[in-house]
Amino acid sequence: MSRKIRDYGPFSRFAVGAAVGSGLAAIAAERGGADFLLALNAGVLRARGAPSMASILPVEDGNRAVLKLGKNEIIPQCALPVFFGANVYGPKEQWDELIAEARIQGFAGFVIFPTAIHLPGDLQRDFDSYGIGFGAELDLLSRAKNAAMQTLAYVRTKRQAMEAAERGVDIICLNFGWNVGGAFGAKTSFSIEDVRYLADDVYRAIIRRHAHVRFMLEGGPIETAEDLADIYSSVPVHGYIGGSTLDRLPTEASISESTRGFKGVDLLSLELLRQEKDRIRQIGNTGLVGTSIAIMKVFEKLYAFSGHNGPVLIYGEAGSGRGFAAAALHKMSPRRQKPYAELSLAHLTPHQIGIRLFGGDRQADKSGTSRVSNLLEKLNGGTSYIEEISRLPKRLQTRLARYLERGAFSPMDGRRVISSDVRIICSSGNSLMSFMKSGSLDAQLCASFSGNDVLVPALRDRQGDIPDLLRLFIDQAATGRAETISLDASAIGMLSSHTWPGNITELRQLSVKLVELAGTSISASDILAAMETMKSKSVEYLDEREWIASALKRNRFRRTDTARELGISRKTLYNKIVRYGLG
C-alpha cells in the first residue's frame, strides 16, 4: 500500500525531499530527517559517477531502472513516502500499466524526471511537438492523480507553474537547473538574488489562486543550507528538494577528505605520537604518574577544570591518589604560583574545623584575646584542598556553599565580612550522584560541584601504571643508595595479579619493604616476601594523615626512620606533621 505525504504531515513545517538513486542514500536521508524521497534515474547515474544530466540520454530504460531501485533498495528499507521518478519518452499506451505497477510496489506519488524544463527554449518546443515535452509530463501526472497518487511537477517559469497548478498538481518545485559545485557541477546564470526574486514572484502567483498547492525550490546556485535560508528569510516557501546537494556533493567531499586522511597516515601517526608524548610530559609535570587511558582521562578532566575557578569534587577509593589529583589541578591552573594547602578533617572537632577554615575574631589564650587566622584568608588567590568533604558538619557545609556563591565569609565568632578568592577542591569516597541521592551533602554545595567532578580510578583499574608508580616510590625510598634497583619481568607479572585493596598507599608501603628486603633486582619472590611482612598491618588507610601517623607510631616518632619508610624527605615529613597536627 502506498504511503501518502499527507499521512506524515510534513507541511506543518518546512519540508525536505531527497532525490536519491540508491538505498544507502535513501536510508541516510531518512535518518537526517527528510520528509519524503524521490527515486530518480538521475540519482542512479550519479551513484555510478555520471552527472544528473546524463539521465536525458538514451542510456537505458529509465522507468524500469526506477522500478528496480524502488522495489529492491528503497521501499523495503524506508518508511518515508517515495515518489516515482518517471520519464515520458516511452509509449503513452504503457503509462497506465506503469502507474499501476508503481502503486503495487508501494510508491506514494509520481514526479517527472528528467524533465523538458531543463532544455533550451527551442528544444522544449521541439519536444512538445513530438509529444514528449512539458505538456506530456502534465498528462502523465494527471493520470497518476486519477489513480490516487500524489503528484509533483518541476517547473522553470511562472507560466509552467500556473499550468501545473491548474491541472491539479499537488506539489510544484521551481527548479533553477542542474546544481553547481563538485566534480560534475554545472554552470548557472542565476544568482541567489535572482532565485529570491523569481521564487517570490511565482510563489505569490500560485498561492493567490491555488492555496492547496505546496511550493518548493531546487537546483541552480542553491548549494548549501545557508543559501536556502537566505532565500527563505524573504520567501516563505514550503520546502526544498535536494538531489546533488544531498548525495553527490557530500559524498564527493567526504570520500575525498577521508582518502586524504588515510593517504597521510604516516604523518598522522607521527603527530599522534608527538601528542601522546606531550600529554605524558604534561602529566608528569603536574605530579600525576602513569600513561594508562584511565589516568589520561583524569588528566584531561583536570586540564579542563584548570581553565576556570569553580569548585571541584575529586572522588574515588581511599588511597587512590585524590590528593595527588588535587595538587595537580592547582599546578595546572593560573593559581600555580599562589599558596596551596590541604585541610584534613579527620580527628578534628566541628569547632576546630570551623576555626581552621573560617577563623575566629576572638580566641582566649594566656595573654588575653586575639584573632585567629583561617585558610580562606591566608590562601587568598590560591587553592584549598579539603579532604573527605562528607566529614564537614552540615552547618559548615552551608557556610562553605555561601562562600562559594558570594566570595566572602564571616569568622565563626565574628560579624565582619571578609572578601576572599580561594579555589576550593574537595575529595570524597562518594560520588556527587550518591550525595544527591542520600542528601548527606548540602544541596547548594552539591549544585556548585555539578559538572565539576572527576573520578580518580582505583589502582586495580589502572594496572598499566603500577610499574611506573612502583619505580617512583622505590627511587624515593632508596634515596642515598648507590645501586639502582630494577624490576624483572616476573615482578611486573606479580604486580598485575594483585587486587591492591589499599591502592597507591599500599603500593607505596610495598616499595619501602622492597627496598629493605631486596637487592639490586626485584623479582616476584621478593614481592611475595614483602607482602607477607605487610599482612599483619593494615594498608587501607583512610587518608594521608593516617598513613603518616601510622608510620610515625611504628618508628616511635623517629623522623629520620619514618621519612625513610615513607620514601619522603625529612623536610617533607616535617611539613606534613605540622599540617596534620601530628607533632
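**Notebook: a predicted model, residue by residue and helix by helix**

I began with Asn 503 and located this residue in helix 22 (residues 503-517). Helices here are DSSP runs of H or I with at least four residues, strands are runs of E with at least two, and both are numbered from the N terminus. I noted that the model is predicted, that local features need pLDDT of at least 70 and side-chain atom pairs pLDDT 80 or more, and that totals for chains, interfaces and linings use all residues. Residues are numbered from 1 along each chain as its sequence is written, and side-chain values use heavy atoms, with hydrogens and water left out.

**Asn 503.** Leaving aside residues up to four places away in sequence, I listed its contacts (heavy atoms within 4.5 Å) as Glu 317, Ala 318, Gly 319, Ser 320, Ala 458 and Leu 459.

**Leu 455.** I then turned to Leu 455, in strand 17 (residues 453-455). Leu 455 counts as partly exposed, because its relative accessibility is 46%. With residues up to four places away in sequence not counted, Leu 455 touches Val 298, Tyr 315 and Gly 316. Its C-alpha atom is separated by 9.8 Å from that of Ser 427, 28 residues apart along the chain.

**Helix 20.** I recorded 12 residues for helix 20 (residues 466-477). From first C-alpha to last, helix 20 reaches 16 Å, close to the 16 Å expected at 1.5 Å times one less than the number of residues. Its buried residues are Ile 466, Pro 467, Leu 469, Leu 470, Phe 473, Ile 474 and Ala 477. They lie on the same side of helix 20, because they cover an arc of only 160° around the axis, taken from the directions from the helix axis to the C-beta atoms.

**Helices 8 and 9.** I looked up how helix 8 (residues 158-166) and helix 9 (residues 192-209) cross: their axes come within 10 Å, at roughly 25°. Helix 8 is therefore roughly parallel to helix 9, a term for angles under 35 degrees. The contact involves Lys 158, Ala 161, Met 162, Ala 165 and Glu 166 of helix 8, and Asp 201, Val 202, Ala 205, Ile 206 and Arg 209 of helix 9.

**Whole protein.** Of the 583 residues, 51% are buried.

Notes. Buried < 20%, exposed > 50% of the residue type's maximum accessible area, 1.4 Å probe, protein only. Axes fitted to C-alpha atoms, helices over the stretch in contact; angles between N-to-C directions. Parallel < 35°, antiparallel > 145°, perpendicular 65-115°, else oblique.
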